[in-house]
Amino acid sequence: MQTACQAVQHQKGRRQYNKLRNLVKDARHDCIVFANEFHQHSYLPREKGESMEKWQTRSIYNAAAWYYNHCLGQMPVVMVTEDEDAIGQYGNETEGVFVISFKNYLDNFWPDLKAAHELFDSILQARRERESESQENNGKEYPEHLPVEILEAGIKSGRYIQGTLNVNKHRAQLEAFVRLQGFDSKETELQSDILIYGTKARNRAIHGDVVAVELLPVQEWKGRTVALCENETEDKAPADTTGDPMPTGKVVGIIQKNWRDYVVTFPAKEECQSQGRNAQKILVTPWDYRIPKIRISTQQAEALQEYRVVVRIDSWESTSVYPNGHFVRVLGRIGDLEGEIAAILVENSICVAPFSEIQMSEMPVSSSKNPWKVNPEEEKNRLDLRDTHLVFSIDPKGCEDVDDALSVRTLPNGNLELGVHIADVTHFVAANSYTDVEARARATTYYLADRRYDMLPSVLSADVCSLLSEVDRFAVSILWELEKESYEILQVSYNRTIIRSAYKLVYEAAQGLLDGDMSVVGDIRELKDLDESTRQKKLAELVWAITKLTDITRRVRAQRDSCGALELEGVEIRVQLDDKHNIHDLIPKQPLEVHETVAECMILANHWVAKKISESFPHQALLRQHPPPRQEFFAELRECASAKGFSIDTRSNKALAESLNKANDPLDPIVNKLLRSMATHAMSNALYFSTGSCPEEEFHHYGLALEKYTHFTSPIRRYADIVVHRLLMAAMLKETKGDIKDYGFSNKDLQELCRHINNRNRAAQHAQKQSTELFQCMYFKDKTPETDERCVADGVIYSIRTNGVLVYVPRYGIKGAAYMKNKEGLVISCQGDRSCEWKPGSLHRFQNKITSTTTTGESVTLSLFDHITVKILVQTSRCHADTIKLEIIRNAPYQTSGTEVSQKSCVVESDLVEVSQSAEAQRAQENTRVEVIDEDYEEYCQTKGVSLYQLLEEIRDLALLDISADVRT
């Protein structure tokens with residue numbers, strides 16, 4: 001009912017109304033809003049003196065009764081309300097129209113829905129406890145939030161500043177930062193985020209909330225913590241562990257609450273007994289350090305002590321130290337793999353149920369006995385490349401969802417033709433179909449360390465849309481004519497095509513052919529069972545194509561380099577599982593030139609499609625922008641480089657690239673790699689946007705040095721690419737038929753969709769990072785650090801703190817904290833053999849080094865880029881995720897044994913690029929990075945990723961971030 005929706009907005013506020021509106025709009029729920037106030041027979045005017053609530057209740061009942069009669073009484077109509085007067089007045093007025101409470105609705109219509117009954121009881125109990133508490137406790141723990149109208153006026157006048165609250169997970173009780181947001185407020189002179197120091201100043205705001213902040217006087221400003229910390233809960237930091245004062249403020253109001261489901265753990269039995277007189281009121285500890293403890297009312301506390309459970313926050317009154325919430329459901333046992341994976345999904349608001357029957361009914365029919373075939377009618381509408389082009393794909397081993405392929409050939413006029421062919425997913429996924437709505441909601445395929453959750457059903461992703469070899473497939477192809485020697489682009493065409501890929505190559509085989517290693521020919525299935533003459537002929541054609549492709553992409557890359565494209569540093573570690581899905585090893589992956597060959601082709605395709613759709617739809621095209629980083633984020637990079645005598649110019653992407661190229665230490669190649677990693681860490685996040693939402697000068701992609709860029713090459717696993725495919729098809733139609741009335745989205749709708757996709761992409765990255773950390777901890781948890789040499793590795797110091805150092809371990813791609821002062825106050829001391837032990841003493845931190853001095857006068861100094869030997873441990877936690885911990889055991893490089901992987905081979909040198917899943921640098925780097933060696937391999941073999949660039953973003957996330965990093969993540 002229209003009136004019911006408006007009643008929610010009137011009584012519960014805009015946020016709850018928007019949630020209801022989105023639920024109703026979601027086609028998967030089959031909901032329709034009846035505009036009863038615009039219907040002659042169901043509209044009731046408001047009577048004089050009648051309250052809004054009474055009029056809304058009367059209107060809803062009148063519309064329900066009319067609708068029942070309109071349907072000729074064929075089905076009952078239920079009006080659910082908690083208004084006892086309405087139930088008494090209308091409950092028996094019309095037969096077939098039930099006016100009942102929600103409890104009666106559950107009891108009478110859904111008596112067997114146990115989970116719903118339990119959830120309702122939990123909410124009801126939480127409400128009663130809240131009402132009881134507000135009557136008992138009149139004392140204020142926090143100041144009241146200012147009214148919305150005052151906040152809005154204050155933001156417009158510049159008195160208050162609007163932004164998103166980001167709690168520092170390493171110092172959750174002390175530090176939060178407000179990131180400045182949007183262009184609604186007046187220009188301020190602030191050049192950094194605003195520190196919110198302490199929970200009182202946070203004033204009941206929760207991580208992720210959009211808040212209004214009032215700056216404190218300059219004399220009350222504080223500095224951020226610069227000491228290493230282990231998520232302690234202390235309320236204050238030692239005076240000597242903070243940096244320079246920065247803008248500091250307090251929260252005066254919450255503009256938008258971004259509460260969600262939270263995974264929590266019940267306290268142990270002894271903690272329960274110490275929580276107070278009423279054992280039914282329990283303080284549960286969220287899995288996320290940034291979320292405060294939540295008080296819930298439950299009678300199941302003892303039974304659920306060993307489980308991860310989901311709760312929701314209901315309210316946080318000014319009289320309460322903690323927020324109040326209610327129990328929702330049980331996830332699984334603490335430490336159990338499935339329970340921990342479920343926790344990761346909930347924490348990132350990822351909901352991936354199996355595809356429904358109605359979605360599967362939209363899928364094309366394809367099976368081993370009856371494979372999908374090209375429709376003769378559709379064949380007439382497409383450019384047929386099957387007999388004219390040598391098309392092939394290059395993929396990771398075992399990959400089934402091949403959504404890109406390549407071709408290169410010599411034209412009759414002597415010029416070359418380069419082709420990029422992308423699976424035509426939109427032919428099979430109609431706009432606003434059930435499959436499309438589900439794909440839009442998921443927005444991306446979610447990859448975890450041991451599994452994936454597909455955006456599209458597998459009949460599309462692994463079969464009909466997959467550009468497998470020796471079968472006919474629909475594609476969208478971009479064909480460039482290139483000058484035969486300079487490779488200058490002379491013209492480009494966009495076509496819907498039919499292709500038949502000749503080869504499905506793996507990267508190692510393609511690299512072997514490029515290097516002239518013919519021993520890989522035996523691994524190419526399509527060349528088997530041929531006579532020698534035919535095999536040699538086909539092999540020569542294939543080698544020429546791969547070599548020519550590589551030559552072309554080298555030239556294309558050089559052109560981008562000249563414009564300032566960045567080559568930064570990342571490490572890719574593949575998680576290898578055994579036949580029981582237990583973690584077997586962490587393996588550094590080797591880079592190959594053919595990775596970049598494929599990657600550069602995808603960048604080229606994405607760039608040209610971006611130009612095409614933005615020209616056709618200047619205000620409604622979906623592009624991808626990468627803003628220049630904020631200069632203050634480069635501070636640590638510049639300081640570290642200066643320690644080695646290098647100067648880093650960060651004024652532009654080109655200046656940065658040139659500076660990094662010069663910052664080479666001939667005695668230690670890892671120095672340059674770490675500096676590039678720090679530069680990556682300083683980067684802003686790339687985001688999707690609608691071209692009508694910002695000026696054209698902001699379209700630029702900083703990392704790729706391209707004026708326009710989008711994502712077109714991975715429609716199987718990214719919904720943004722599906723939108724771009726539809727835009728490209730509309731642009732092609734516009735060329736042939738002139739103006740078109742409707743091609744999809746308005747600028748407003750497209751920008752809203754971009755926000756949703758950006759949000760889901762961040763969730764996917766965080767979930768992948770957290771699952772990788774889970775498996776890393778599982779790997780080291782099973783080892784005995786004292787005896788297992790796999791727990792000892794070489795580490796490189798890349799940051800100095802007041803009580804320790806941050807260390808990078810190349811062997812495993814791990815970054816972590818190594819303390820030089822323990823909780824007992826003892827400091828690191830080195831013996832004659834340079835092994836370390838704890839002794840009484842003190843630490844002295846300098847800009848590029850830290851010195852530990854014992855009370856007996858012994859001292860040891862650790863400097864930036866020193867190599868040390870570290871022991872890798874796992875710090876377990878009952879309420880939170882386990883974490884990796886590093887311990888310095890020797891002030892000297894680790895002497896690797898013959899089985900150790902050398903430092904140099906562990907580091908993956910990669911370009912700062914965003915490319916299609918076709919490049920392994922993109923597939924394997926953003927995605928699973930899993931090798932499963934059992935019969936279940938096919939289920940988990942999809943190893944695609946967005947880009948080398950986003951790999952670097954992931955590596956940044958996977959690092960143990962310092963405080964400034966937490967603010968930006």
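## Terms and basis

A residue is called buried when its relative accessible area is under 20%, exposed when it is over 50%, and partly exposed in between, with a 1.4 Å probe and protein chains only. The accessible areas come from the Shrake-Rupley method, and for residues only the protein chains shown count as cover.

This is a predicted model, in which local features need a pLDDT of at least 70 and side-chain atom pairs count only at pLDDT 80 or more, while totals for chains, interfaces and linings use all residues. Residues are numbered from 1 along each chain as its sequence is written, and side-chain values use heavy atoms, with hydrogens and water left out.

## Salt bridges

A salt bridge is taken as a side-chain nitrogen of Lys or Arg within 4 Å of a carboxyl oxygen of Asp or Glu, and the structure holds 46 of them. One of these joins arginine 630 to glutamate 632, with the closest N and O atoms 2.7 Å apart; arginine 630 is partly exposed at a relative accessible area of 30%, and glutamate 632 is partly exposed at 33%.

Glutamate 347 and arginine 260 also meet through their side chains, at 2.9 Å from N to O. Because glutamate 347 belongs to helix α10 (residues 337-347) and arginine 260 to the loop between β9 (249-256) and β10 (262-265), this pair ties together parts that are 87 residues apart in sequence. Helices (H or I, at least four residues) and strands (E, at least two) are DSSP runs, numbered from the N terminus. Glutamate 347 is buried at 8% relative accessibility, whereas arginine 260 is partly exposed at 21%.

Within helix α16 (residues 532-562), arginine 557 and aspartate 561 lie four residues apart, about one turn of the helix, and their side chains form a salt bridge of 2.6 Å, N to O. Here arginine 557 is buried, with a relative accessible area of 9%, and aspartate 561 is partly exposed, with 34%. A network of salt bridges links Glu379, Asp384, Arg386, Asp472 and Arg500.

Strand β16 (residues 391-395) is largely enclosed by the rest of the structure, because five of its five residues are buried. Val391, Ser393 and Asp395 point one way from this strand, while Phe392 and Ile394 point the other way.

Strands are said to pair if DSSP finds at least two bridges between them. Two bridges join β16 to the antiparallel strand β17 (residues 404-410), where serine 407 is the bridge partner of valine 391. Four bridges join β16 to the parallel strand β23 (residues 503-506), where lysine 504 is the bridge partner of serine 393.

## Surface patches

Patches are made of residues with over 30% relative accessible area and no salt bridge, like charges being joined within 9 Å and nonpolar side chains (Val, Leu, Ile, Met, Phe, Trp, Tyr) within 5 Å. Phe98, Phe109, Trp110 and Leu113 make a nonpolar patch of about 380 Å². Leucine 113 is located in the loop between α5 (102-109) and α6 (114-136), and is partly exposed at 43% relative accessibility.

A positive patch is formed by Arg14, Arg21, Lys25 and Lys748, and helix α2 (residues 14-25) gives the most to it, with three residues. Arginine 21, found in helix α2, is partly exposed at 31% relative accessibility.

Terms used:
Areas by Shrake-Rupley, 256 points an atom, 1.4 Å probe, with all protein chains shown as cover. Lys, Arg positive; Asp, Glu negative; His and termini not counted. Charge placed at Lys NZ, Arg CZ, Asp CG, Glu CD.
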